[in-house]
Amino acid sequence: YSMTLPHGTYQIEATHANRCASPTTVTVTISGNTLRDITLALRTDSFGYYCTTPLLPYTAGTTKLSLTGDDVVTTVTLPFRVSLYGTYYNSATISSNGWLSFVTTTSSVYSNTAIPSTGIPNGALYPFWDDLYLDATSGVYTGVTGTAPNRTFIVEWREGGFYSHRTARVSLVAGHGENR
């Protein structure tokens with residue numbers, strides 16, 4: 001970013017657009033042309049998990065699941081054992097509403113809430129938790145990339161409509177690595 005400021009001392013606050021990084025405030029003294037790089041620290045928890053904008057290309061799933069309509073879930077067997085917060089899982093519940101839970105559930109909660117929470121969905125990845133609707137032009141796909149022992153299980157929500165605005169579309173991918 002570029003700013004034109006009178007000489008002086010300023011507090012500059014930088015905030016990441018998707019809240020994956022912690023906001024940072026730096027003091028900058030301007031007395032001429034000044035260049036200042038600001039690095040935002042990733043928000044990580046005590047297990048080392050964090051969110052970030054992926055640097056990898058969008059990876060499409062290859063197997064379409066039988067999820068159609070509103071507020072539906074299906075449980076899939078994972079291609080390898082997945083560890084999340086010290087617990088290992090062999091299956092995942094995938095929701096039409098943009099989340100997958102390693103804790104089996106028959107509920108497809110559509111209204112996102114603050115996380116972490118003890119409510120459903122839990123033990124989950126939430127790439128885009130919203131009230132989505134899957135019609136004939138959309139779907140949820142799974143796939144695996146890489147080779148053992150460095151594979152990634154992929155879930156792709158492709159062209160999902162919003163329940164309250166079905167012409168608006170969203171596509172997104174979540175993945176969990178074998179060696180996480």
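How many of the 180 residues of the protein count as buried? The share is 32%, where buried means under 20% relative accessible area with a 1.4 Å probe and protein chains only. The structure is a predicted model, in which local features need pLDDT of at least 70, side-chain atom pairs count only at pLDDT 80 or more, and totals for chains, interfaces and linings use all residues. Residues are numbered from 1 along each chain as its sequence is written, and side-chain values use heavy atoms, without hydrogens and water.

The protein has zero helices and twelve strands; helices (H or I, at least four residues) and strands (E, at least two) are DSSP runs numbered from the N terminus. Its C-alpha atoms fill a box of roughly 65 × 40 × 30 Å along the principal axes.

In soluble globular proteins, nonpolar side chains tend to be buried together. Here, the largest nonpolar core has 24 residues; such a core is a set of buried Ala, Val, Leu, Ile, Met, Phe, Trp, Tyr and Cys residues joined through side-chain atoms within 4.5 Å. Strand β5 (73–84) gives the most to this core, with five residues. Among the residues with the most contacts inside the core are L78, I94 and W157.

Among contacts between residues at least 6 apart in sequence, 47% join residues at least 24 apart.

Technical notes
Buried < 20%, exposed > 50% of the residue type's maximum accessible area, 1.4 Å probe, protein only. Contact = heavy atoms within 4.5 Å.
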